[in-house]
Amino acid sequence: MVKAVVLGAAGGIGQPLSLLLKSNLEVTELALYDIVNAPGVAVDLSHIATPAKVEGFLPPDNGLQKALAGAQVVVIPAGVPRKPGVSQCSISDDLFKINAGIVRDLATAIATTAPKAFVLVISNPVNSTVPIVAEVFKQHKVFDPRRLFGVTTLDVVRASTFVAEVLGDRSLSPSVAVPVVGGHSGVTIVPLLSQSSHPLPSNLDTSTIDSLVNRIQFGGDEVVKAKDGAGSATLSMAYAGAEFSTKIIRALKGERGIVVPSYVNLTQEGGEALKKDLGKELDYFSAPVELGPNGVEKINGLGAITPAERVLIDAALPELAASIEKGVSFIQTPK
Ligand code: NAI
């Protein structure tokens, strides 16, 4: 029995993500929560002939608590997406405060209603919203770092797609695996192309590699620009969110050997070794993690990286540290 909950289920990401979770045969119960329209989305999805029982909830009558009761997996795509011209790294203070406040309130409800659930954070800025969830859980004395995940899978999916394009064969994209580490915005996104399952040609010129890295780091901007005011990545994000959720559900059900990149708290198995690799005291970082029935079993190190990848990682660290601090202080010293 697996109960999954989507918070922000009526949104651009929330709806297709809920559809994909409804299509997951392992999910037996799917609770959809939003401040608008969740019951309608739920009834629509409930006609699909898969096992999950679907219910929708709105804020009145403790809808959020009802949605969360008994949850094992909670996915959070609630929030406001960025507008054209706003890069992910220069996300405005207003947008930060709105999303940070939404995530704080949802985390509070999870901490009090479903403290053992696996929490998968999609709401941006992920580099800060994951620390926000952790701080709320710490305040409620229920923080277990193994169960908190920042969803960076879209960066991984984009890396597979764009690398396959550079290799000149799109049909390879489902099997191309590139570890993407660091964080989840702009320069904090570091694809380790040298560890691609499908190596790039050794004679590839530097400018092609640089533009590939740049496209993976700023892929979200392509979508925001093309949607021209109608939001950011929703469908590809829903696909990525469902991919990640599916792996979490498989691990929860006892499957071993699943390794996925995710933005996680480093005060757990493998975290100290990773910090040594990084050469910096940092509390959160995205790296491939080994999953087990209780969540993260071990955070893997960076492996053998090239000097150029080391430069990218060094460039990511200051922004990452500042974003983490911003999230932590949003809870510890609210203004
Ligand atoms: P959207 O505006 O289409 O949907 C957001 C939904 O959240 C809306 O239905 C809204 O009613 C709901 N919502 C707002 N406040 C809420 C609350 N307190 N409780 C429950 N639901 C609430 O936005 P979209 O495009 O779905 O994006 C959602 C978030 O995901 C944004 O923060 C965006 O930046 C982020 N995102 C993350 C990505 C990632 O790779 N992690 C990629 C793309 C977007």
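What covers the buried residues of α2? Let me build up to that.

First, the ground rules. This is a predicted model: local features need pLDDT of at least 70, side-chain atom pairs count only at pLDDT 80 or more, and totals for chains, interfaces and linings use all residues. Residues are numbered from 1 along each chain as its sequence is written. Helices (H or I, at least four residues) and strands (E, at least two) are DSSP runs, numbered from the N terminus.

Start with two strands. β2 (residues 29-33) and β3 (residues 53-57) run parallel, joined by five bridges. Within this pair, L32 stands opposite G56 of β3. Between them the chain passes through helix α2 (residues 38-46), and this β-α-β crossover is right-handed. That means clockwise from first strand over helix to second, with the strands pointing away from the viewer.

Now α2 itself. A38, V41, A42 and L45 are buried there, with 20 or more other C-beta atoms within 10 Å of their own. Seen down the axis, the buried residues of α2 fall within an arc of 100°, so they line one face of the helix. The arc is taken from the directions from the helix axis to the C-beta atoms.

Back to the opening question. The cover includes α1 (14-22), β2 and β3. Contact here means C-beta atoms, placed from the backbone, within 7 Å.

Last, the domains. There is domain 1 (3-150) and domain 2 (152-331), with bounds from an automatic or database domain assignment. The contact takes 42 residues from domain 1 and 48 residues from domain 2. On the domain 1 side, α5 (126-139) gives the most, with 10 residues.

Conventions: Pairing = 2+ DSSP bridges. Buried ≥ 20, exposed ≤ 12 C-beta atoms within 10 Å, placed from the backbone. Contact = placed C-beta atoms within 7 Å.
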